[in-house]
Amino acid sequence: MHTVALVVFDQIPPFEMAVPCEVFGVDRSDMGLPNYRLLVCSAEPGPLRAKAGFRIEAPRGLEGLAGADTIVIPAWRDIGEVPPEALLDALRRGYERGARIASLCSGAFVLAAAGLLDGLRATTHWMYAEALARRFPAIRVDPSVLYVQEGRIFTSAGTAAGIDLCLHLVRLDYGAEVANAFARRMVVPPHRDGGQAQYVQAPVPTRPEEGPLARTLAWACANLGEALTVGRMAEHAGMPPRTFARRFVEVTGTTPLRWLLDQRVLAAQLQLETTDAPVERIAQDCGLGAGATFRHHFRRVVGVSPSDYRRTFRRGTGRRSA
């Protein structure tokens, strides 16, 4: 079983602490879903209190990080405070032995203080991005995205982006179908691409009747195998193409073509996991062209070939190793 160590500390923000607990600490075996082993580990002696005032009792200290496959650092309590050296040492040791390490929101400042982000691209809450870049010039700070993956190091933007990153980790471990089931249980969107903007002018409408753009998104998802263009999507929404493209970015935080590619790759992932259909047919069904084009886009987005992905995540064949 994949072990996740969640680091807690005094004056921790409750939401960012709760997100890993919800994703990795809930028993979902009644839905036929895999479970994680969650270890809550204190970074310092108690008593610990959350910023909301309630007390936290962590059953383990930093020694709990030693056997973890994934280590999660929630939002740090004060971006101007240097984290305890014992915590930084434990993170360095974890990374050196091969653990996956993720930070949520201002937790990136902890990873940065440990030197784990040097030379890497990373993100944090947009309010803190300038401070992170100024204090740690060796980091390529990207303030515009939801989360960033750099090898075994993961960083996310603020608040709800922590959910996106944690579900992304589930997707890496168990595939898209399982991650989507986790999301359904949590009643959250199943997939928001890491490159999506942190801040958008308006949320995506949740019901088709709430607007033409929402209806067009649903229509496009139902017709991924067709030759969808920005012009055709704009026509469906009843907007001029330039207006549609501008409005699309305002609402979703990404471009129509980037969104469409993400939806097609996600649909392909689900087919690879749940069907025996040939790769070439999946490519056509999802609108990703010939086999070579499909393999190129799939590998660029997912990081592995369609065949390798199917061998790893095909339902009933087990899970990806830690």
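There are eight aromatic pairs in this structure. A pair here means rings of Phe, Tyr or Trp (its six-membered ring) with centres within 6.5 Å; planes under 30 degrees apart count as stacked, over 60 as edge-to-face, and the rest as tilted. One of the pairs is Phe294 with Phe298, edge-to-face, at 5.6 Å centre to centre and 65° between the planes.

A word on where this comes from. The model is predicted, so local features need pLDDT of at least 70 and side-chain atom pairs count only at pLDDT 80 or more, while totals for chains, interfaces and linings use all residues. Residues are numbered from 1 along each chain as its sequence is written, and side-chain values use heavy atoms, with hydrogens and water left out.

Phe294 and Phe298 both belong to helix H12, residues 291-302, and stand four residues apart, about one turn of the helix. Helices (H or I, at least four residues) and strands (E, at least two) are DSSP runs, numbered from the N terminus. Phe298 is buried, at a relative accessible area of 0%. Buried means under 20% relative accessible area, exposed means over 50%, and partly exposed is in between, using a 1.4 Å probe and protein chains only.

Phe298 also pairs edge-to-face with Tyr309, at 5.5 Å centre to centre and 75° between the planes. Tyr309 sits in helix H13 (residues 306-313) and Phe298 in H12, so this pair ties together parts that are 11 residues apart in sequence. Phe298 and Tyr309 are both buried.

Elsewhere, Phe24, Tyr36 and Tyr174 make up one aromatic cluster.

Next, charges over rings. The criterion is NZ of Lys or CZ of Arg within 6 Å of the ring centre and within 35 degrees of the ring normal. Arg28 has its charged end over the ring of Phe182, 4.3 Å from the centre. Arg152 lies over the face of Tyr95, 4.1 Å from the ring centre.

Now the backbone. Where is Pro47 found? Pro47 is in the loop between strand E2 (37-42) and strand E3 (48-49), and the peptide bond from Gly46 to Pro47 is cis, with omega near 0°.

Two residues have a positive phi without being glycine: Cys105, at about 55°, and Thr159, near 50°. Cys105 is in the loop between strand E6 (100-103) and helix H3 (108-113), and is buried at 5% relative accessible area. Thr159 is in the loop between strand E10 (153-156) and helix H5 (161-174), and is partly exposed at 37%.

On to the cores. A nonpolar core is a set of buried Ala, Val, Leu, Ile, Met, Phe, Trp, Tyr and Cys residues joined through side-chain atoms within 4.5 Å. The largest one has 70 residues, and those with the most contacts inside it are Phe24, Leu65, Ile71, Leu91 and Val170. Helix H5 gives the most to this core, with nine residues. A second, separate core has 16 residues, including Leu266 and Cys286.

Last, the cysteines. How many disulfides does a search of the whole structure find? The search finds zero, a disulfide being a pair of cysteine sulfur atoms within 2.5 Å. For Cys21, the nearest cysteine sulfur is that of Cys166, 9.7 Å away. Cys21 is partly exposed, at 28% relative accessibility. For Cys286, the nearest is that of Cys221, at 11 Å. Cys286 is buried, with a relative accessible area of 1%.
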